[in-house]
Amino acid sequence: MVKNYLRATGFYHVSRIWVIKGFHPLLAALVERWRLETHTFVLPVGEITVTLEDVAHIFGLPIDGKPVSGWTDSSSDFVQSQSMAVFGREPVLSSNSKSYIKLGWVRRIRDAEPLDTEESIRRYVRCQIFCVTKYLPLFRDFEQIHTYSWGSACLAHLYRALCRASRYDRRRWMALLICCLFGHGSECRVLHRYRDIPFHLLRYQLP
């Protein structure tokens, strides 16, 4: 039953991808080869990048639909009201000046859902999606979740994270980057020399 609801939102495939550890040296090498101006990796064999086609193929996220956008509010009142509307519970907030919901709390309430009613299943699915993407206000209307272009938001977030990491020498590596570069469960192979091949079809290791 939960799988059907996840499929209806477009998040079933990506929800099955768990945290991937390791690959830090390879990620560091890739970030060093990231060009901010063109959003491409500059390699000895040419330039390559991650496209919407790759996001759709690897994560299964919808790339058509309404843009994932809107105003943000980090006040405790706003976060609490949104949490009550989406999760049906008052959240455990951070103690920082800007309030945010702790993922550990989201996972605990997700695992505590009895899944005996449609609303309980929807709350479970909202929790599962929230662990992947943090756009809380867009989860209020369950029937509209699938109408957004989540794949576009994923790609934009990846580009932003790569630009930040390469510009500020940050070391916050993400499973998102690993999945986009290799695909879930794939192996590293030598990079094809054909530049018109989609990124998700390239299985490689850096020279």
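Me: What makes S2 and S3 paired strands, and in which sense do they run?
Reply: 3 bridges join S2 to S3. Two strands pair if DSSP finds at least two bridges between them, so 3 bridges meet the rule. S2 and S3 run antiparallel. Leu43 stands opposite Gly46 in S3. A hairpin joins the two strands through 2 residues.

Me: What kind of model is this, and how are residues numbered?
Reply: This is a predicted model, where local features need pLDDT of at least 70 and side-chain atom pairs count only at pLDDT 80 or more, while totals for chains, interfaces and linings use all residues. Residues are numbered from 1 along each chain as its sequence is written, and side-chain values use heavy atoms, with hydrogens and water left out.

Me: How do you know that S1 and S2 pair?
Reply: S1 and S2 (residues 40-43) share 2 bridges in the antiparallel sense. The rule asks for at least two, so the pair counts. Trp34 stands opposite Phe41 in S2. The bridge partner of Arg35 in S2 is Thr40. S1 and S2 form a hairpin with 4 residues between them, and His39 in the turn has a positive phi of about 55°.

Me: Why are S1 and S3 said to stand at the edges?
Reply: The open sheet has 3 strands in the order S1-S2-S3. S1 (34-35) and S3 (46-48) each have a single partner strand, so one side of each is left without a neighbour in the sheet. Strands here are DSSP runs (E, at least two residues) and helices are runs of H or I (at least four), numbered from the N terminus.

Me: Why is the aromatic pair of Trp34 and Tyr159 given the class it has?
Reply: Take the distance first. The centres are 5.6 Å apart, and rings of Phe, Tyr and Trp (its six-membered ring) pair if their centres lie within 6.5 Å. Now the angle. Planes under 30 degrees apart count as stacked, over 60 as edge-to-face and the rest as tilted. The planes of Trp34 and Tyr159 are 45° apart, so the pair is tilted. Trp34 is in S1 and Tyr159 is in helix H8 (residues 150-168), 125 residues apart.

Me: What angle do H6 and H7 make, and why is their arrangement called what it is?
Reply: H6 (residues 103-111) and H7 cross at roughly 150°, and their axes come within 9 Å. Axes are lines fitted to C-alpha atoms, for helices over the stretch in contact, with angles from 0 to 180 degrees between N-to-C directions. Angles under 35 degrees count as roughly parallel, over 145 as roughly antiparallel, 65 to 115 as roughly perpendicular and the rest as oblique. H6 is therefore roughly antiparallel to H7.

Me: Which residues of H6 and H7 meet?
Reply: Leu103, Val106, Ile109 and Arg110 in H6 meet Tyr124, Cys127, Gln128 and Phe130 in H7. Contact means heavy atoms within 4.5 Å.

Me: Where does Cys131 lie, and what does Cys131 touch?
Reply: Cys131 is in the loop between H7 and H8. Leaving out residues up to four places away in sequence, Cys131 touches Leu103, Val106, Arg107 and Arg110.
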